[in-house]
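Reader: Could you take me through one part of this model at close range? I would like to follow the helix packing and the charged pairs around it, one step at a time.

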Amino acid sequence: MALVAFPGVRAFDVSVITEIWGPDRTDRGAPAFELRRTAADRTAVPMRGGLALHPDRSLRWLDRADLVVVPGLDDHLTPAPAPVLAALRRAHARGTTVAALCAGAFTLAQAGLLDGRRAITHWRLTDLLRTRHPRVDVVPDALFVEDGNLWTAAGTAAGIDLCLHLVRLAHGAEAAAVIARSMVTAPFRTGTQAQFIDPPTPRTDRDADALAAVREHALRHLHEPLTVADLAARAGMSPRTFARHFTATTGTTPLRWLLDQRVTAAQKLLERTDLPMPEVARRAGFGSEVTMRQHFASRLATSPRAYRAAFGSSPIAP
């Protein structure tokens with residue numbers, strides 16, 4: 001994969017990309033990646049804080065890349081050099097997946113790649129992105145968005161979410177989990193950046209603590225027929241109040257969160273065991289293989305059997 005650098009890219013995003021695709025984690029079950037730092041020439045690219053990135057490939061290497069990632073920008077209005085924009089257009093025209101972190105969406109917009117497409121950036125910059133690039137369909141509250149093999153992410157930590165998601169799509173949930181564990185971060189966050197826009201009140205903080213305990217309980221008992229009413233009772237709230245506080249805290253509804261966790265649990269079982277499909281469905285809490293298949297189709301656009309065929313590894317004892 002190729003990291004695209006030019007003066008003005010954010011050191012944090014460069015570090016995220018490098019940390020996810022750079023280290024050799026094959027001894028822990030992660031795939032082997034070839035990460036290349038590309039730029040218009042081999043001159044060191046200055047970054048804020050006295051740091052510099054030293055490219056090891058020219059932009060021509062994008063012709064070989066399976067994935068191209070553009071870091072965010074310290075100044076979101078930094079114009080990208082013409083060779084960078086041209087290289088991004090060529091990569092996308094070939095069908096290569098192109099992703100941008102945070103204000104890197106402005107770079108893709110400068111290249112014209114986001115015209116008529118859905119995209120996201122940091123919540124403080126969404127109005128500016130609409131104003132500067134009116135042909136972009138700016139999504140206000142996602143963590144990351146895909147449209148036509150183009151991926152964009154919201155601010156800062158959402159770049160980690162997107163990078164792990166790209167690993168998950170290409171290599172499976174367990175590969176992303178290996179990398180996430182080594183980074184001491186969550187392999188998958190549900191919700192949207194709406195949960196970060198307004199600072200929480202002390203009351204919200206107390207509710208968040210109670211809801212965190214409920215979510216932990218749910219993760220330990222996914223195999224049981226949990227309902228939203230069950231979770232609300234455990235939190236000591238009515239279902240309506242629980243749903244309202246849960247959505248305010250996580251950015252997603254209790255039911256969607258529970259289904260997302262069950263899909264993730266099923267993915268891991270399909271990757272790491274040879275359990276029959278009905279047993280995978282039972283352990284993930286779906287109740288039946290038919291129900292599991294329906295949720296895989298709606299969330300992953302594939303079937304459990306196709307997922308196992310693509311990402312299954314040597315069985316591990318259940």
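Author: Happy to! Let's start with one side chain: at 24% relative accessibility, Arg-299 counts as partly exposed, because that class covers the range between 20% and 50%. Please keep in mind that this is a predicted model.

What does Arg-299 pair with? Its side chain meets that of Asp-260 in a salt bridge, with 2.9 Å from N to O. Asp-260 lies in helix H10 and Arg-299 in helix H12, which spans residues 289-300, so the pair ties together parts that are 39 residues apart in sequence. As a general point, side chains of opposite charge can pair when their charged atoms come close.

Helix H12 has another link to follow. The side chains of Glu-289 and Arg-305 also meet in a salt bridge, here at 3.2 Å from N to O. Glu-289 belongs to helix H12 and Arg-305 to helix H13, so this pair ties together parts that are 16 residues apart in sequence. Arg-305 counts as exposed, at 54% relative accessibility, because the cut-off for that class is over 50%.

That brings us to helix H13 and its packing. Two packed helices are described by the angle between their axes and the distance between the axes. Helix H13 (residues 304-311) packs with helix H10 (residues 254-272) at an angle of about 50 degrees, and their axes are 8 Å apart. H10 and H13 are therefore oblique to each other, and their crossing is right-handed.

Which residues make this contact? From H10 come Gln-267, Leu-269, Leu-270 and Glu-271, and they meet Pro-304, Tyr-307, Arg-308 and Phe-311 of H13. Sorted by class, the contact of H10 with H13 has five nonpolar residues, one polar residue and two charged residues.

Now for the charged pairs elsewhere in the model. The count comes to 19 salt bridges. One of them joins the side chains of Arg-10 and Asp-13, at 3.3 Å from N to O, and both Arg-10 and Asp-13 are buried. Salt bridges with shared partners also join Glu-34, Arg-36, Arg-37 and Asp-56 into one network.

To put the part you asked about back together: H10 is tied to H12 through Asp-260 and Arg-299, H12 is tied to H13 through Glu-289 and Arg-305, and H13 packs with H10 at about 50 degrees.

Conventions:
Residues are numbered from 1 along each chain as its sequence is written. This is a predicted model: local features need pLDDT of at least 70, side-chain atom pairs count only at pLDDT 80 or more; totals for chains, interfaces and linings use all residues. Side-chain values use heavy atoms; hydrogens and water are left out. Axes are lines fitted to C-alpha atoms, for helices over the stretch in contact, and angles run from 0 to 180 degrees between N-to-C directions. Helices (H or I, at least four residues) and strands (E, at least two) are DSSP runs, numbered from the N terminus. Angles under 35 degrees count as roughly parallel, over 145 as roughly antiparallel, 65 to 115 as roughly perpendicular and the rest as oblique. A crossing is left-handed if the near helix is turned anticlockwise from the far one by less than a right angle, and right-handed if clockwise. Contact means heavy atoms within 4.5 Å. Ala, Val, Leu, Ile, Met, Phe, Trp, Tyr, Cys and Pro count as nonpolar, Asp, Glu, Lys and Arg as charged, and the others, Gly among them, as polar. A salt bridge is a side-chain nitrogen of Lys or Arg within 4 Å of a carboxyl oxygen of Asp or Glu. Buried means under 20% relative accessible area, exposed over 50%, partly exposed in between (1.4 Å probe, protein chains only).
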